[in-house]
Each structure stands twice: as C-alpha cells, then as structure tokens.
Amino acid sequence: MADTNITQVNSPAVQSTNPFVLFFRRYGWGYAFVFPSFLAFAVFTFFPVIWAFIISFQDFRPRGGGSWVGLQNYIDAFTTQNGVFVEALQNTVIYAVVTVTANIFIGLFLASLLQPLSNKFQTFFRAAYYLPAVTSAVIIAVTWRWLFNTQWGFLNFLLGLVGAEPVRWLSDPDIALQSIILSTVFTIPAAGVVLFNAAMNSIPKDFYEAADLEGAGPLRKWWSITLPLIKSTTLYVVVLYTIASFEVFEKVYIMVPSGVGNSTQTIVTQIYQTVFSQFRYGVASAQAMVLFVIVVTFAVIQFRFFRTDVEY
Amino acid sequence: MSEETRKRLSRRKFVALTGGALVASGILAACGDNTATTAPATTAPAATTAASTTAAATTAATSTTAAATSAAATTAAGTTAAATTSAATTAAVTTSAASTGDFITSKSGYKGNLDYWALGYAAGGGNAFSKSSDSAVAAFMKANPDIKVTITGYTPDNAGFAKVVNAVQSGSGVDAFRIPNDSLPTLIQQGAIAPIDDYLTADDKNDILPNLFDLVKVNGKLYAWPLWVPPVGMYMNLDIFKEKGVDLPPKTWTYDDFVAIAKKLTFTRGSDKVYGFSALFDPGGVDSWPFILSDGALPLSSDNKKYTWNTADAYSGLKKVTDLALVHKVTPPDFGTQKQDDLLTAMKNKLQAMWTRPSGDAGTLTQAGLNIDIWPIPLGKSGKPISAGGVGLIAVTPNKDTAKQKAAMDLARYLTSPQVEQDVPGYYLAPGARKSVTVKAPYNKFADIAPNAWITPSIPQWTQIRTLIHPNIQNAVFGKMTPEQALSQPADEINKLLSQS
C-alpha cells in the first residue's frame, strides 16, 4: 500500500505544476457529478436570462435583421398599449401582497394545528393538504372558473340560498382581480404547510418542556419558541410564494382568457401578450427584465427582514 | 505557502472563470448574427396552458377572428365596408368556374417528408375538420407516393397562433401552415414566408379572387395561398324561436327588429335562463364587430394610415352592442368575458337564441343535431348587412431545398383548390377564395354574407391595434366607459402606430 502511494507521488502526472491538472486531479470527480445539472441550469436558465437581457435592448427578430435600440424597449414597455404595463404592475403587486400574506398565515395556522398530532395523523393531513400541489394548475383554474360562473356557479348558488343577488365574479372589472386572489387564498398553500410542519417538528422538545415548567401556555410557546425558531423556513416560504405570485399567469389566463378590460392584467400575462400576440420580442424582454428586478428587490428585502442567526 | 499550492487553481477561482466564460459566450452569441434557430427566451410561460379548442368549426372561425388585411386598403376606398369586398367575393359566391386543371400531382421530384401545420386540427380525426384534413392529405400522398405529409394541429386562439408562429420563426419543423391574414405581415417582415409568385399559374391568377391577392402582397410579391373568407353571420337557434312562437325575421331586418326578437327570446325555462343573444369578445376576434360597423364606420381609413373609429357612426355602432347588455338586458350576465366553449355549449343546450360567429361553427352545431339557420347581420344606418371577417391562408416557409419548397407549394395549392372539395366533400368550412370553389351546406349560407364583410387589415401594426381596442370595447360593454370614450381614447396611439412605416 505504502509502495503504491510512493509510486503515485513520484509519477510524472502528480509532479505536474499545471494548475488545471492539479485542480482536476483534486476536484475533478466532484465537478463531474455536478456537471449535468450545471449544464442544464446554464442552457435552460442562465443563458436564456442573459439572452433575454440582451434582447431587451434590441429590435429583435428571430430570423435575423434586428438592431440595437438602446433603452427604447424599456420606454415602450411603460408607455405603449395605453400604459397597460403599469396597470399590470399594480395588479401584480396587489395580488402578491395579499396572496403571500394570506398563504403564510394559512400555512402557519394549519401547520400549527398539525404539530400536536401523532405522526400518523400528521402524515395523513400533510398528504391531504399537499393534494392541490400535485394537481395541475390548469385543472384548479378551470374548477375555480366553474365555481365563479355567474349563471350556474357554486358560489352564486350558495348566495342564492340566502336570497342574495348573483355576483359577476369574473366579469365585473371591479372585482375580477379580487376573485382571482380569492381563488388563490382558498387553495391551501401545500408547500407552506409541509415546510412549516417539518420545521416545527425539528424544534427540540426540550424547549417546550422548559417552557411548560415555566408555566407558559400554548399561545405563548407558539409565539416565543415556534415562530422564532422557524424563521429561516419562513424566509424560504415567503420568498418562494413571492416569486410565484409575481409570476402568476396560468390562473389568470385560464379564468379570464379574454381579459376583463385590463383589470386582470398581470406582469406575465402582459409579457405573454406582448410577445405572443404582438410579436414584440424586445419590449417583452424588457418587461421580463423589469419583473426580474422587482422579484430580486423583494427577495433581498425579505432576506434582510427575516434573516436569523439562530441555530439549534 | 508552497509553490504547488500557489499554482493550484482554487475552487472559487475556477467557478469565477467558468461563470465569466459562460457570460462571455452568452453575450458573444447574442451579439452575433441574429439567425438563431430558437425562439427568444423571455420569461413568458409556455403557451400550452391555453384554452382548449372546440371542434372543426372553429378552424374557419379563427381565420376570421384573427384577421388581417384590408381589402379596403388596396381596393378603391369605399365609404362602407360593404364596398370593399363585394365585387370579388360575390364572384366567389355566384361563380362556379371550371376547375383549373390538375392540382394534386406534384412535379417537384421531392422525396421525403413535409410538415403541415393546420389550424384546429386534432390528431386522429378528433373533429370534422381533422377528418377532412386527414382525407385531403391522404389523397395528396396517394397521388404523390414519394411525399409523406405529417399534420400538426394548433388551437385557434392566441396560444395556438403563438405556437405556429414560433415554430415558423425558429425555421424548422414547418413547411406549410394555415394562418389568418392578420398574422401574415409580421412573418413576412421576418423573412419567415416564401413568396408564391413563381408557383402561381395563369389559371390560379384568374381563379383566385383578385382582391385577396392584395391582402397577401408585400412589395409586389405574393406570400400565401388564399383558402377561404369566413365572415361573421347571425346563428339562429331555431328550436328556441319555435318554442316561443317567434317567426324568423326577413333577411333585411333592422337592429330594432333584432332587439325586439332578442327580448322575446330572453326568458326562464325551468331553472334555466335563456338569453336572446351573445357573442365572443376576444383580442383576436371580430365576432362582436359587425354591430359596431353597421352604421358605416370602419376602424381604419381605406389606406390604413388613419384610425377612423372615433366618429359618431362608430360610437352609435358600439352603443348598439352595449345597449344589448345595459339597456335591453338580452345577454347573459358574463357577456363580454364568455369563452368560446361556453358560448358553443349555450347554443347546443338551447340556452342562447342568437349568436354572431364566423362560419366554422355552423358545421359543429349542425353535426351536433342542432336546428340552426344563418341570417345576415341586422341593418344599420349604412343600409347594408355589414359583417366582419378575415381571410384564411396557407403559407409556405422558405427552404433552400428547392424541390422540397416546390412540393410544399404544391401541397398548399392543392389544399386551397376546388379539387380538394371534390376529393373530400365538405372540406371547405367557409366561402372559398377561388371562383371555382363551391361550398356545401351549412357553409353556403354564408355566401350572401361574405360580399359585405369588412376584412381585417393586413398590416404589421394590427396586432397592437386590436389589443388597444379590445379592452375598451369590453369596458364599454361593462358600462365602465361610454362608447365615445372607448373608441376615441386609443386614437392617438393607433395613429402613431399607423404613421410608422
């Protein structure tokens, strides 16, 4: 064994002073295993983002003949189409603020209800709550569209039972966006429940036992032990839902495919319309970059707000 | 620190170098020649979530809804839409010229596969149009055993158009494709369509309606094979008329006649509410536009240089639509936001008496056993039963393989010929673009409507113009804008767009 090592050390390859050879000898296998997923990330995520950024400064034409236009696409993004992109930004911010807040609270609430249950029941409810996450978003949107139907929808049926007038949930521009928000809020935040539940279960029981000895009640324990110790998970869930909310598309597209005036336009539906209906690739890329900046800004703020040094 | 350690590449440095190289390669690639073969990578989501399609009928319907070129733009300026297309389309309706020779045999010498993308096609003969397309392509392949044609379907909505447009723009996988005329100019601008001039015979030039050539002409070259002109007609659900004892009106009915009938046909049947009228409002559609046009106002000037829907005749036209919901209450509560599927279902379930829709759905409803008839749009101040529509085209993508290009042209020519209707009876879902094409029932009921159809303009700006107009029309229907506000507000931006060459 010792001879073998000596042989290897004395071999010409090991004695190489080329830093790349040394590097790959030391770390090569690790990078080889990472390479496939890195390649997929580079090709399908990183490169498209860089390309979209560049296109946002071009009058881009897929088959050639495009030209550089400086910041004109960014100006056009905000000023053309009767300023609908600004309206879309406002709608998206409202949607994100309401749905993220609601999803976090609902997720926390349900996970807290699960925490005292036995493992068997926790597993059952986790699976039950996770069901919406494995159901196609399109199916969920179609179902909500049916629930909201003015003539034969379930919600208006319920209203009719108490003698209330039917509501035009998805055809009244004053409430169409709120209806879509409602559908998101009432769809259980599956990932949130599961993640919060896992985080809560990982908190050492000693903390709660100590609190019991001090005479702390359930609410006090939840507020002073559970919440602070799942802060890192809360950060993750908040960022996750914020990104998803800013990128809301399929729900709006399925529920109100022709729009309700511009009252249900969101950033991504606007991007979709700009690129696939109007074929303005440069402007759509500029709008996508604006979305990128907004999401990054919100994520940075959230990281600052929720950051924690607590480890256990 | 040893010499070896100093020379060793740190992980951080390696990652930094790799990342830098990747960014640099991305920038170099993107700054280079823009002849990339992939679609641009915006963050827009996949189009596949889009709404599903209905049947065959919608194929023709969408040709209309999406729209394109204005006959008006290239023909003499008429004072009404009716004037723009009448002569040529009338010829289509009334003339049955002799078939102009052999359309099915390809003399290209090409051996191999052709990819044909068909609007509204569902694999396996999922609807009537799919079956007729399969039969037509099978006939072509039988006559040309060396050529295999693969059909890919796409849905008649924005998502579907996006799918085919992106496929065409990527430059691969599409040899011939169905496209509405309003999407054509953008593709021509991008060099994604091959001119057809060299493949048109003298007979073709005599047979195809001359004003339709104007819709596919750019810089003197012709870019697509006109297939049909599906105009919007008034679908009458005859069983509901019978149920309420309402007689069919004369075909010269007025808007007031229409409102009176719609009121009679709005009633409660058991737990169901039946409505007199509804229509689709979609940025890609013109189903509700005939009423707006009926007083004689066209959206654009005859040269397509000026927005002209900011006039009293346009406002009164739009008011006719808004009054149906806000004053006369003859429309469903979701009027203005209903999906095409909802409307089709309401007709099939006899919950809707009248419907403005292009010709394609006539077949779907007839095959579903529904008792329908087609009526012209009620007369307005113009005194003519003005309709709206687009032109369905088959275009061919450029190909360096000249034999393959010719084979694709031969396929497109056959699929827009009178011979295909003889080989596959019922292939045409709308009045044909050739004088020699005779269409069968129920599509022939649109023959009298087509001459008075305003054809959407074939200009690149139209895709933006229609999305400027659409939400305002919706807001007027919801009562959030007056017709004046709805149609005058986008004037400045549309005129600015039109001023761009």
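**Figure 1. Chain A in overview.** Buried residues make up 46% of the 312 residues in chain A. The model is predicted. Chain A holds 15 helices and 2 strands. Take its contacts with a sequence separation of 6 or more: 65% of them join residues 24 or more positions apart.

**Figure 2. L131(A) in helix α5.** Helix α5 of chain A covers residues 119–134, and L131(A) lies within it. L131(A) has a relative accessible area of 53%. The cut-off for exposed is over 50%, so L131(A) counts as exposed.

**Figure 3. L131(A) and I188(A).** In sequence, 57 residues separate L131(A) from I188(A). In space, the C-alpha atoms of L131(A) and I188(A) are 9.0 Å apart. The helix that contains L131(A) is α5.

**Figure 4. The second largest cavity.** The whole structure contains 6 cavities of 30 Å³ or more.

**Figure 5. Lining of the second largest cavity by class.** The lining of the second largest cavity includes 5 nonpolar residues. Another 6 lining residues are polar, and 3 are charged.

Conventions
Residues numbered from 1 in each chain as written. Chains lettered and ligands numbered in written order. Predicted model: local features only at pLDDT ≥ 70, side-chain atom pairs only at ≥ 80, totals over all residues. Heavy atoms only, no water. Helix = DSSP H or I, 4+ residues; strand = E, 2+ residues; numbered from the N terminus. Buried < 20%, exposed > 50% of the residue type's maximum accessible area, 1.4 Å probe, protein only. 1 Å grid on protein atoms, 1.4 Å probe; cavity = no way out; pocket = protein on both sides within 12 Å on 5 of 7 lines; lining within 4 Å. Points joined across faces, edges and corners; volume = space filled by probe spheres on them. Nonpolar A, V, L, I, M, F, W, Y, C, P; charged D, E, K, R; others polar. Contact = heavy atoms within 4.5 Å.
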